[in-house]
Protein chains: 2
Amino acid sequence: MAKYPKIPEATIRRLSNYLKCLENLENKNEKVASSASLASICNVNAAQVRKDFAYFGEFGIRGMGYNVKELKNNIKEILGINREWRIAVVGIGNMGSALLVYKDFLKQNYRIVAAFDIDPVKVIGNISERMGRPVEILHIDRLKEVVAARKIEIGIITTPPQEAQKVADLLVNANIKGILNFSPAPVRAPDNIKVRNLFFTSALDNLVYYLTN
Amino acid sequence: MAKYPKIPEATIRRLSNYLKCLENLENKNEKVASSASLASICNVNAAQVRKDFAYFGEFGIRGMGYNVKELKNNIKEILGINREWRIAVVGIGNMGSALLVYKDFLKQNYRIVAAFDIDPVKVIGNISERMGRPVEILHIDRLKEVVAARKIEIGIITTPPQEAQKVADLLVNANIKGILNFSPAPVRAPDNIKVRNLFFTSALDNLVYYLTN
């Protein structure tokens, strides 16, 4: 079913970055961007921008640059975020709470439609206090039922590391399609489920490599 | 000064991932790993593993595989995390609080030695309550002085997006070397300062791309 086979993962990562930059341009009412200006804002080089976009056919008009709005919509379509994605967050400690109010999710069609914890009563007290309004937190026992009822496709894990794999198994059992794991313990799932482990140490490793070399 | 020039950024990213997998193997008392076994654990293919390591010279012994401990130390050296890195976290809301107790930082020689907020008094109350012990949170006005006194090289931004660039400027002014920004607003710094913006939407974009294509 792949419309665009053999795209390097680094290009996919940069598409996200371009999208973010295009949104900034749009907020400033810029209508057109050259690959050079886009490169400068996104902190890559112009040849890289053109090479990345070449994987997906011609976007820009030679000598005219890219139409900001069109390019943004093209990238959204390529990434698959031109429609809503319904998400559950499991584990409502500090990290889970931060995600529940992460402002950019909605902009990108990511809707957190359920939040789960092993102790929703305790959590609700904390959250109301911290966020000024109550957020509906459900007991983890209701995961499978609610994932089906609310047509949830993505599960985000924000539990302590020792619970992460157990929660991943529950998400798989609830027929989730993809998992994004924020806990420092890597989780695994059957091949038909996509998993991304987001380790904060990796972000620092990357920064430190470029500070060192 | 680059010891290993022209290493693709994707390889650098995977080195972090390999490191994580090697630590898991070490915890299970495994002494030796083949590129095939490492590939399977890390969710890449064996040819990719060998290609990545080839950038840095020969690590393994042909037919014998890699010595887990040695390979781990080699990767740490390449990334530059074979020494301590001192870090300040700025903005102690939910996200900042989550980082203050993120268990894997210390394993990787990342030491958070200072935390700042615009309202440390309010924050300290919250944190003590949530974490069971007080964490020293300093007023942002003390940033420059404390960065110098505690030899801090990396600043992590966990403020609301509208404060992020202001904090980045303060960190630059305090002679920090690298910035990791967790807020959804991209921050910029002069060329001699390394900046990484970690957008949670990008992690979801990446997952969704592979769910869609």
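I take helices (H or I, at least four residues) and strands (E, at least two) as DSSP runs, numbered from the N terminus. The model is predicted: local features need pLDDT of at least 70, side-chain atom pairs count only at pLDDT 80 or more, and totals for chains, interfaces and linings use all residues. Residues are numbered from 1 along each chain as its sequence is written, while chains are lettered from A and ligands numbered from 1 in the order in which they are written.

**Entry 1: A185(B)**

I looked up A185(B) and found it in the loop between β7 and β8 of chain B. Is A185(B) buried or exposed? I call a residue buried if 20 or more other C-beta atoms lie within 10 Å of its own, exposed if 12 or fewer, and partly exposed in between, with C-beta atoms placed from the backbone. A185(B) has 20 other C-beta atoms within 10 Å, so it is buried.

Next I wanted its partners. Two residues are in contact if their C-beta atoms, placed from the backbone, lie within 7 Å. Leaving aside neighbours within four places in sequence, A185(B) is in contact with P161(B), A164(B) and Q165(B). I also checked C21(B): it lies 164 residues from A185(B) in sequence and 32 Å away in space, C-alpha to C-alpha.

**Entry 2: chain A overall**

I count 10 helices and eight strands in chain A. Its C-alpha trace spans about 60 × 40 × 35 Å along the principal axes. Of the 213 residues in chain A, 40% are buried. Among contacts in chain A with a separation of 6 or more, 55% join residues 24 or more positions apart.

Chain A is divided into domain 1 (9-78) and domain 2 (85-201). These bounds come from an automatic or database domain assignment. The centres of the two domains of chain A, taken over C-alpha atoms, are 31 Å apart.

**Entry 3: helix α9 of chain A**

I checked the length of α9(A), residues 161-173.

Which residues of α9(A) are buried? They are A164(A), V167(A), A168(A), L170(A) and L171(A). They cover an arc of only 165° around the axis, so they sit on the same side of α9(A). The arc is that of the directions from the helix axis to the C-beta atoms. The buried residues of α9(A) pack against β3 (85-90), α8 (143-149), β6 (154-157) and β7 (178-181) of chain A. On the face turned away from that buried side I find the exposed Q162(A) and N173(A). Just after α9(A), N175(A) takes a positive phi of about 65°.

**Entry 4: the two copies**

I superposed the copies by least squares on the C-alpha atoms of residues with pLDDT of at least 70 in both. Chain B can be laid on chain A with an RMSD of 0.0 Å by a turn of 180° and a shift of 0.0 Å along the axis. The two copies are thus related as by a two-fold rotation axis. Of the residues of chain B, N94(B) comes closest to that axis, at 2.4 Å (C-alpha).

**Entry 5: the interface**

I find 51 residues of chain B in contact with 51 residues of chain A. On the chain B side, α10(B) gives the most, with 13 residues.
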